[in-house]
Amino acid sequence: MDVATTAAMLHTLQDPTGIPSHPLIFQVLMVFTWVPHILFVNISLGAALMGLYAFTKRSDPYWHALSEAMTKVAKVGVSLLVVLGVAPLLFTQTIYDPQWYASNLLSASWVIGFIFTLTIGYLAWFAFYLKNHGEHAPGWIFWLGAFGLAMFLLDGFIMHMLTYQGLHPEQWLEWYTPGGHVDMSGAGIHAYELPRFGFFMAMSVTVFGAFMIAYGDYFKVRTDRSPAYLAFARSLGNNIAITGTALQVVFLLWWLMDVPAELHIWAHPMTWLLLVYLGVLFAAVWVARGETEGQGYRLLPMSVGMAALVAIFREVLRMAYMAPFQYNILDYKVNWDVPSFVLFLFTIIGVGGLMGGFIITLVYKAGRVKGAYQADATVAKLGTGSVAATVIWVMTFLSVGIWIWLRNNG
Ligand code: HEM
């Protein structure tokens, strides 16, 4: 399809009722809410692979302890990555609705399959987790875990394919009507980009490595974790992070070479910022390899910074792909809905901030104590505050709804 027709198609596919506040707000939220999603994707994939690898060496007490711990990390991590995927999904489908929905329809069977594969993959992982206790855990459960990880990888690939197909609107018609015949099966995988997908897998290696170092630091205060075991975990994590950052640079260069030259992505400052940052991260993990103790709380935030740059880079790239079709989210029709926007902001700050802050603080503090944890005054106050915020939120939500209903029907 030619550029002008594709541009017209994209604009026609946008929601005619517009969006309820400024598009930039949605864009910023989309980019930054994706960061926690991908961080938990990275940690979960890394932990799942480590949980399985360490399981094969479980006759050694350190590997055995690591396998149990990382199996649990992946179990919690997958549940969080799913929950945290919802926010960027809401925002991407608001400002990039033509791209997201067209891509989803073109591969609808895979989108529906995504739900099933994620469910059975998670169930398999959970069964592996339940059985993976003690040095004498039966060997066959390895395959349960391996199946779970394979499903998670497949789901990551489906996510990638959906994103990438959305970047090629000029090919949608061809994919929809191959050889002039309409194909409504939604069974096709029409496009993917190996270096891009590989980059996110390499990123999992880095982030998981940094996570392992932080894991070793975090448990230092626990008497039931031997210092030698924690040093073993940190040093392993450091080697993993070194490998990951090196792989990321290789995959990023390959990815950049794969991006069409006319998008001039090499000329964009974000490209160079990301490359330089990866170089700095590599240097930081390399320097830490002699003495990893106390490095976790430095290297993990540095990985979070890297994820933020990756998130911005992805968006810069999407804007470059869309520019030839005059698709600029700033042109999106806005139909201001102030009450719902204010409610949304208060929900994020009040309920999200307080409740999120409470849960994170609680989990952080409780994990550092062996046995039952007694909440201190700050945590108790945060808990009361978050319950109060939720009650106020429910009352406000219902009042606004009732008020609007009465106004429209009165
Ligand atoms: C094991 C399961 C999952 C894995 C491994 C995974 C992995 C990924 C990866 C690698 C990307 C980047 C793709 C790219 O830019 O090429 C991505 C993007 C994304 N994922 Fe996930 N994901 C998973 C589940 C989910 C779920 C359950 C949701 C929603 C509830 C979700 C929402 C998103 C969104 C919204 C994006 C960005 C799409 C865009 O920019 O248009 N993901 N995911």
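**The ligand and its surroundings**

The ligand takes up the space of the second largest pocket. A pocket here is an open set of points on a 1 Å grid over the protein atoms alone, with protein on both sides within 12 Å along at least five of seven lines. A molecule sits in a pocket if more than half of its atoms lie within 2 Å of its grid points. This is a predicted model: local features need pLDDT of at least 70, side-chain atom pairs count only at pLDDT 80 or more, and totals for chains, interfaces and linings use all residues. Residues are numbered from 1 along each chain as its sequence is written, and side-chain values use heavy atoms, without hydrogens or water.

Start with the shell. It holds 24 residues, and H37, H160, R196, R314 and R318 come nearest. A residue is near if one of its heavy atoms lies within 4 Å. By type, the shell has 14 nonpolar, six polar and four charged residues. Helix α3 (61–95) is among the elements that supply at least two shell residues each. With seven residues, α3 gives the most.

Now the polar contacts (N or O atoms within 3.5 Å). The side chain of R314 places an N or O atom 2.7 Å from a ligand oxygen. For H160, a polar side-chain atom lies 2.8 Å from an oxygen of the ligand. For T92, the distance from a side-chain N or O atom to a ligand oxygen is 3.2 Å.

Step back to the whole chain. It divides into domain 1 (3–182 + 191–336) and domain 2 (337–410), with bounds from an automatic or database domain assignment. Their centres, taken over C-alpha atoms, are 28 Å apart. In contact (heavy atoms within 4.5 Å) are 14 residues of domain 1 and eleven of domain 2.

Technical notes. A polar contact is a pair of N or O atoms within 3.5 Å; within protein, one must be able to donate a hydrogen and the other to accept it, and residues adjacent in sequence count only if both atoms are side-chain atoms. On a 1 Å grid over the protein atoms alone, a cavity is a set of points where a 1.4 Å probe fits but cannot get out, and a pocket is an open set with protein on both sides within 12 Å along at least five of seven lines; lining residues have an atom within 4 Å of a point. Helices (H or I, at least four residues) and strands (E, at least two) are DSSP runs, numbered from the N terminus. Ala, Val, Leu, Ile, Met, Phe, Trp, Tyr, Cys and Pro count as nonpolar, Asp, Glu, Lys and Arg as charged, and the others, Gly among them, as polar.
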